[in-house]
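Let's take a look at one helix, its neighbours and some aromatic rings. Have the 3D view open while you read.

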Amino acid sequence: MSAVRSLSALALMATLGLASCGQPADAPASEGAARPAAEPVVLTDEQKAALLAELPEPYRSADLERGERLYAMCRSCHTYVPGGANLTGPNLWGTFDAKAGLVAGYNYSEALKTSGLVWDAATMDKWIENPRGLVEGTKMSYVGMKSPEDRAALVAWLKVNTSPAK
């Protein structure tokens, strides 16, 4: 009986953890949820270098493999591929240089929709560090990433993996 209670508690914690990403409990299921999984864009080393060259330091020289590992914290709420579904958070494809709050089919907080933010590297870094500190009233409940090196790696990885090839 104790094992059943432990498993039930674990399942409840996992459900609450996913729910805490920011989507209200009464929000409709993502329209894209029934779509087949979209595939990541595979870039050549030259294409990756071109995208990284658009970034200032420290992002330009950040460790992409470290960024990929760090993205594991984001994947329960976000997809990052062309045509990817909105989950608890919006699909991140095409994020860089886009105005915040405009991904079609995603129900943003009014605070983010009216924030005026444009997702460049510095803004993305501040967002990853402390979303609620940057936009009071956002529904994103992520507590933030304190390490500047980790944030630089994640921003660089996102730039390379959410941007059309150059």
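## Helix α7

First, a term: a residue counts as buried when its relative accessible area is under 20%. Keep in mind that this is a predicted model.

With that in hand, go to helix α7, which covers residues 148–162. Of its 15 residues, 13 are buried, so α7 is mostly covered, given the cut-off of under 20%. From first C-alpha to last, α7 reaches 21 Å, close to the 21 Å expected at 1.5 Å a residue.

## How α5 meets α7

Two packed helices are described by the angle between their axes and the distance between the axes. For helix α5 (residues 121–129) and α7, the angle is about 125 degrees and the axes are 10 Å apart. The two are therefore oblique to each other, and α5 passes α7 in a right-handed crossing.

Which residues of α5 meet α7? They are A121, M124, D125, I128 and E129, and on the α7 side you'll find R151, L154, V155 and L158.

## Aromatic rings

Searching the whole structure turns up five aromatic pairs. One of them is Y80 with W157, an edge-to-face pair with 5.0 Å from centre to centre and 65 degrees between the planes. This pair links distant parts of the chain: W157 belongs to helix α7, while Y80 sits 77 residues away in the loop between α3 (64–71) and α4 (110–113). Both Y80 and W157 are buried.

Y106 and Y108 have ring centres 4.7 Å apart and planes at 75 degrees, so they are edge-to-face. Y106 and Y108 are both buried.

Notes. Residues numbered from 1 in each chain as written. Predicted model: local features only at pLDDT ≥ 70, side-chain atom pairs only at ≥ 80, totals over all residues. Heavy atoms only, no water. Helix = DSSP H or I, 4+ residues; strand = E, 2+ residues; numbered from the N terminus. Expected span 1.5 Å × (residues − 1). Buried < 20%, exposed > 50% of the residue type's maximum accessible area, 1.4 Å probe, protein only. Phe/Tyr/Trp six-rings, centres within 6.5 Å; stacked < 30°, edge-to-face > 60°. Axes fitted to C-alpha atoms, helices over the stretch in contact; angles between N-to-C directions. Parallel < 35°, antiparallel > 145°, perpendicular 65-115°, else oblique. Left-handed = near helix turned anticlockwise from the far one by under 90°. Contact = heavy atoms within 4.5 Å.
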